[in-house]
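I opened my notebook to look around a new structure, one question at a time. Here is what I looked up, in the order I wrote it down.

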Amino acid sequence: MLRPKKLYSKTSIDSTRHNHENEGYMPTSQLVEALNQALSWELRAIAMYAHYSAYVSGIHRLHLSAHFSNEVNESVMHAATVRSAIVKLDGTAITERDPSPIVHTSNYREILEEAYQTEKAAAEIYGGILPLVEELGDSELYDSLEVVYFDEQRSVEELRMMMKE
Ligand SMILES: [Fe+2]
Ligand SMILES: [Fe+2]
């Protein structure tokens with residue numbers, strides 16, 4: 001099984017540990033910040049997939065519209081998981097979506113490319129979060145976020161296959 005922590009060097013984690021008053025306890029503020037980044041990205045994904053589900057046109061509309069609608073639901077569930085994690089850490093969950101523009105198009109190829117970039121970024125964000133959660137030592141939190149990470153990775157691979165001729 002691919003463990004995302006391998007993507008990140010130990011030094012990048014250690015450099016975030018400035019709180020020596022609580023030895024062995026990673027500051028949760030950095031984790032909450034990263035989770036909020038993930039949450040705002042999910043909120044953007046909800047808006048993006050709802051838009052593309054409505055606008056995708058041509059011969060592929062029938063199945064792609066349904067597929068994007070499912071992605072809306074998945075993003076809503078991911079957002080709920082991340083929000084719960086922030087609540088558990090006593091943080092304040094963001095309510096604004098990430099401001100990265102959502103390209104308006106009904107061209108299915110352009111849409112798939114936008115979706116691909118969005119899923120790649122999501123996988124990267126969760127890949128960065130997991131080592132922080134591992135550091136915290138909360139296995140319940142780790143397991144729930146790892147599921148989301150694997151969902152994003154599966155979406156990246158799925159979109160890559162969908163774009164292949
Ligand atoms: Fe997601
Ligand atoms: Fe996703």
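**Entry 1: one histidine.** I started with His78, which sits in helix H3. I kept in mind that this is a predicted model. Is His78 buried or exposed? I counted 25 other C-beta atoms within 10 Å, and 20 or more is the cut-off, so His78 is buried.

A reminder to myself: two packed helices are described by the angle between their axes and the distance between the axes. How do the axes of H3 and H5 cross? They come within 11 Å, at roughly 155 degrees. Angles over 145 count as roughly antiparallel, so that is what H3 and H5 are to each other. I wrote down the crossing as left-handed.

**Entry 2: the core.** Which residues have the most contacts inside the largest nonpolar core? They are Leu35, Ala38, Tyr126, Ile129, Val133 and Leu145, in a core of 36 residues. Helices H2 (28–55), H3 (61–88), H4 and H5 (139–163) each give two or more residues to this core. H4 gives the most, with 12 residues.

I then picked out Ile129. Beyond its neighbours within four places in sequence, Ile129 is in contact with Ala34, Leu35, Ala38 and Leu145.

**Entry 3: helix H4.** H4 covers residues 108–136, which is 29 residues. From its first C-alpha to its last, H4 reaches 42 Å, close to the 42 Å expected at 1.5 Å a residue. Just after H4 I found Gly137, with a positive phi of about 80 degrees.

**Entry 4: stepping back.** How many helices and strands does the chain have? I noted five helices and zero strands, in the pattern α-α-α-α-α along the sequence. Of the 165 residues, 32% count as buried. Among contacts with a separation of 6 or more, 77% come from residues 24 or more positions apart.

Notes. Residues numbered from 1 in each chain as written. Chains lettered and ligands numbered in written order. Predicted model: local features only at pLDDT ≥ 70, side-chain atom pairs only at ≥ 80, totals over all residues. Helix = DSSP H or I, 4+ residues; strand = E, 2+ residues; numbered from the N terminus. Buried ≥ 20, exposed ≤ 12 C-beta atoms within 10 Å, placed from the backbone. Contact = placed C-beta atoms within 7 Å. Expected span 1.5 Å × (residues − 1). Core = buried A, V, L, I, M, F, W, Y, C linked by C-beta atoms within 7 Å. Axes fitted to C-alpha atoms, helices over the stretch in contact; angles between N-to-C directions. Parallel < 35°, antiparallel > 145°, perpendicular 65-115°, else oblique. Left-handed = near helix turned anticlockwise from the far one by under 90°.
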